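Work through the exercises below with the sequence and the structure open beside you. Try each task before you read its solution.

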Amino acid sequence: MYSFGCVLAELYTGHPLFPGRDEADQLARQMQVMGLPPQDLIQAAPRRKVFFTERPQSRPRFAPNPVKDSRGRVRRPSSRTLAAAVHRPADDDFVSFLQGCLEWSPSARFTPDEALAPPLDPARH
């Protein structure tokens, strides 16, 4: 479903939603829009040390390693909205649908059946 959301956004805008120049930049772009992944997802990631610094006495426990954009600015989590990332005035229902597809946690993300449900259906998150 995550990939489906990215493809829909690209079809809508004509541009990749998270066009990273490498995997660290791509993850930084995802966090810029979607915020930090849940700490338990980071903890379970086998390559977390490549992208995050562990701070056992701090909250959040894992902080993203800084990634600079082409102008030398550090990309900050939650510093851009999904609507802004879609590049043009977007339908609120479409942005909400994308949000459901792009949730970090697979258990919080739309299932295919939920994605097919009408927007006002209580079965949808």
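**Exercise 1.** In which helix is phenylalanine 94 found? Decide also whether its side chain is buried or exposed, and list what it touches.

Solution. Keep in mind throughout that this is a predicted model. Begin with the location: phenylalanine 94 is found in helix H6. Next comes the accessibility, where the cut-off for buried is under 20% relative accessible area. Phenylalanine 94 has a relative accessible area of 18%, and therefore it is buried. Finally, when residues up to four places away in sequence are not counted, phenylalanine 94 touches Leu8, Ala9, Tyr12 and Val86. Proline 38 lies 56 residues from phenylalanine 94 along the chain, and the C-alpha atoms of the two are separated by 24 Å.

**Exercise 2.** How many residues does the largest nonpolar core have, and which elements give two or more residues to it?

Solution. The largest nonpolar core has 21 residues, and those with the most contacts inside it are Leu17, Phe18, Phe52, Leu82, Leu98 and Leu102. Two or more residues each are given to this core by helix H1 (2-13), helix H2 (23-34), helix H5 (82-85) and helix H6 (92-101). H2 provides the largest share of the core, which is four residues. As background, nonpolar side chains tend to be buried together in soluble globular proteins.

**Exercise 3.** Describe H2: what is its span, which of its residues are buried, and where is aspartate 25 placed?

Solution. First take the span, which is 16 Å from the first C-alpha to the last over twelve residues, close to the 16 Å expected at 1.5 Å a residue. Then turn to burial, where Asp25, Leu27, Ala28, Gln30, Met31, Gln32, Val33 and Met34 are the buried residues of H2. These buried residues pack against H1, H4, strand S1 (52-54), strand S2 (62-64), H5 and H6. Aspartate 25 has its place in this helix, H2, and because its relative accessible area is 1%, aspartate 25 counts as buried. Leaving aside its neighbours within four places in sequence, aspartate 25 is in contact with Pro19, Gly20, Val67, Lys68 and Arg75. Of these, valine 67 is 42 residues away along the chain, yet its C-alpha atom is separated from that of aspartate 25 by 6.3 Å.

**Exercise 4.** Which peptide bond is cis, and which residue has a positive phi although it is not a glycine?

Solution. The cis peptide bond joins arginine 59 and proline 60, with omega of about -10°, and proline 60 has its place in the loop between S1 and S2. The positive phi, about 60°, belongs to serine 78, which is placed in the loop between S2 and H5. Because its relative accessibility is 53%, serine 78 counts as exposed.

Methods: Residues numbered from 1 in each chain as written. Predicted model: local features only at pLDDT ≥ 70, side-chain atom pairs only at ≥ 80, totals over all residues. Heavy atoms only, no water. Core = buried A, V, L, I, M, F, W, Y, C linked by side-chain atoms within 4.5 Å. Buried < 20%, exposed > 50% of the residue type's maximum accessible area, 1.4 Å probe, protein only. Contact = heavy atoms within 4.5 Å. Expected span 1.5 Å × (residues − 1).
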